[in-house]
Structure formats: C-alpha cells, structure tokens
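This report reads through one protein model, region by region, and gathers what its computed geometry shows about several local features. The sequence and the structure come next.

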Amino acid sequence: MEERQIPLQSVTKVIGLETVPSTQTLAEKLAASGEQEGTLVLACEQTASYGRDGHPFSAAEGGVYFTLILRPNKPMSALGSLVEKTAEAVSFTVSSVFGVKTKAAANGDVSAWTVKDHKWKKMGGVLAEASAEGDYILLGVGVNINNRLSSSAKASSVSLKQLIGTETSKELFLDELLENFWKYYACWLMSSH
C-alpha cells in the first residue's frame, strides 16, 4: 500500500472580536468581498447567533464561537458530509483532551453524556452554508465551554465546565480543535462526496 502525504491547511488570518451579532453573518460579508480561505472569524460572544434553519441560540461569553471561510471546490451536495466530519472533530477533541464521553450527529450536533442526569445533552453544533455561486463555504462552530447556559437551554444543553467541574482554557480547546479539524478536512477534501 502506498503512503499518501496529505498537506494540512491552516488558519491564514484571525479576526477576533469581543462581541458580534453573528460570526456567520460577518464571515459571509468577508467571503463575498474575496477574503481568503482559512480566515477565522472568532467571537467571545454573539448576540444574534443562529443554527440550522435559522434557529437562534444563546452564545454567551465563555463559549467558543467561530466561522471559518473555506473555498474547497466541492459540490453543494458535499455540505452535509462536511458538517458531519466537523462535528466528529469537535466530538473527538472534547473526548481526547478532556475525557468526556461525546457523540457527533450527522446534522452537526455534538452531545456529551452527563453522568449526573444520565442522558445525552447538546454541548455544541456545526453549521455550514455555501454561497449561491458555490465559491465559498462558511463553516460555523459553537461549543459550550465555560459559558453559563440560559435557563431555557439547561434541560437539554451542557457546558464543558459543568462536565469536568472547572473552567478550562478556551484557547487550548480551540488550538486542539483546529489541529484536529484540518486533518478531518483534508480527508473530506479527498473523499468522493
């Protein structure tokens, strides 16, 4: 069997903001004006964040929220598999770094097993949107790390802080996640779908 070297891409530019309505919306404007692949729009807090089907979600300070601009030259039909691969990268990162039992769903949801409640609770999600012309993809990721959850979200959601009992470095999590993501992304680029 022949060994294949997969060149890993990386973040080429970081736009870090304290508060933004939505990293996805800002990244869309940047991508439409020609911003390069690998640009990461990162926010400490989002005030008008949204997930699948435009559903709003709470993105309070303490979580990891970003949108990555990608230009993969793949058909729109491949978006679903990119969402799934990215959710797997998030799940793997939480499990491998923090020892938390997690699972990724094809729809982009990332859940963690809560020992206290004996059930799976959502701790993050992935959203991919493509331009109408298909020249870029906006890959949005939101993960509950140290953030407080809204009272309406507590029944079905959980933060990493709740799971491990202490705050953790968002920077450490983001570094590990991006390192894992680029590996999953490289495999996705090489896949037929």
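The backbone oxygen of Trp188 lies 3.0 Å from a polar atom of the Lys74 side chain, and a polar atom of that side chain is also found 2.8 Å from the backbone oxygen of Ser191. The model is a predicted one, and every distance quoted here is computed from its atoms.

Lys74 belongs to the loop between E3 and helix H2 (79-98). Is this lysine buried or exposed? Its relative accessible area is 15%, and because the cut-off for a buried residue is under 20%, Lys74 counts as buried. Along the chain Lys74 and Gly134 are 60 residues apart, yet 8.3 Å separates their C-alpha atoms.

Asn73 is found in that loop between E3 and H2 as well, but at a relative accessibility of 77% Asn73 is exposed. Although Asn73 is not a glycine, its phi is positive, at about 55°. His118, in the loop between E5 and E6, likewise has a positive phi of about 55° without being a glycine, and with a relative accessible area of 58% His118 is exposed. As background to these two cases, most residues other than glycine have a negative phi.

**Helix H1 and its cover**

Helix H1 spans residues 23-32, and within it Thr23, Gln24, Ala27, Leu30 and Ala31 are buried. These residues are on the same side of H1, because they cover an arc of only 125° around the axis. On the other side of H1, Lys29 and Ala32 are exposed. The cover over the buried residues includes strand E1 (13-20), strand E2 (39-46), strand E3 (64-70), strand E6 (119-130) and strand E7 (137-143).

Ala112 lies in strand E5 and is buried, with a relative accessible area of 0%. Apart from neighbours within four places in sequence, Ala112 is in contact with Val100, Lys101, Thr102, Lys119, Trp120, Lys121, Met123, Val158 and Leu163. For Leu163, which is 51 residues away from Ala112 along the chain, the separation between the two C-alpha atoms is 8.4 Å.

Thr114 is also found in strand E5, where its relative accessible area of 5% makes it a buried residue. A polar atom of the Thr114 side chain lies 2.7 Å from the backbone oxygen of Lys119. With neighbours within four places in sequence set aside, the contacts of Thr114 are Lys119, Lys121, Val158 and Leu163.

**The cavity**

The count of cavities of 30 Å³ or more comes to one, and the volume of the largest cavity is about 30 Å³. Its lining is made up of Phe66, Thr86, Val90, Leu139, Val141, Leu177 and Phe181. H2, E7 and helix H4 (170-190) are the elements that give two or more residues to this lining. By class, the lining of the largest cavity has six nonpolar residues, one polar residue and no charged residues.

**Accessibility of the individual residues**

| Residue | Relative accessible area | Class |
|---|---|---|
| Asn73 | 77% | exposed |
| Lys74 | 15% | buried |
| Ala112 | 0% | buried |
| Thr114 | 5% | buried |
| His118 | 58% | exposed |

Key: Residues numbered from 1 in each chain as written. Predicted model: local features only at pLDDT ≥ 70, side-chain atom pairs only at ≥ 80, totals over all residues. Heavy atoms only, no water. Buried < 20%, exposed > 50% of the residue type's maximum accessible area, 1.4 Å probe, protein only. Helix = DSSP H or I, 4+ residues; strand = E, 2+ residues; numbered from the N terminus. Arc of directions from axis to C-beta. Contact = heavy atoms within 4.5 Å. Polar contact = N/O pair within 3.5 Å; in protein donor to acceptor, adjacent residues only side chain to side chain. 1 Å grid on protein atoms, 1.4 Å probe; cavity = no way out; pocket = protein on both sides within 12 Å on 5 of 7 lines; lining within 4 Å. Points joined across faces, edges and corners; volume = space filled by probe spheres on them. Nonpolar A, V, L, I, M, F, W, Y, C, P; charged D, E, K, R; others polar.
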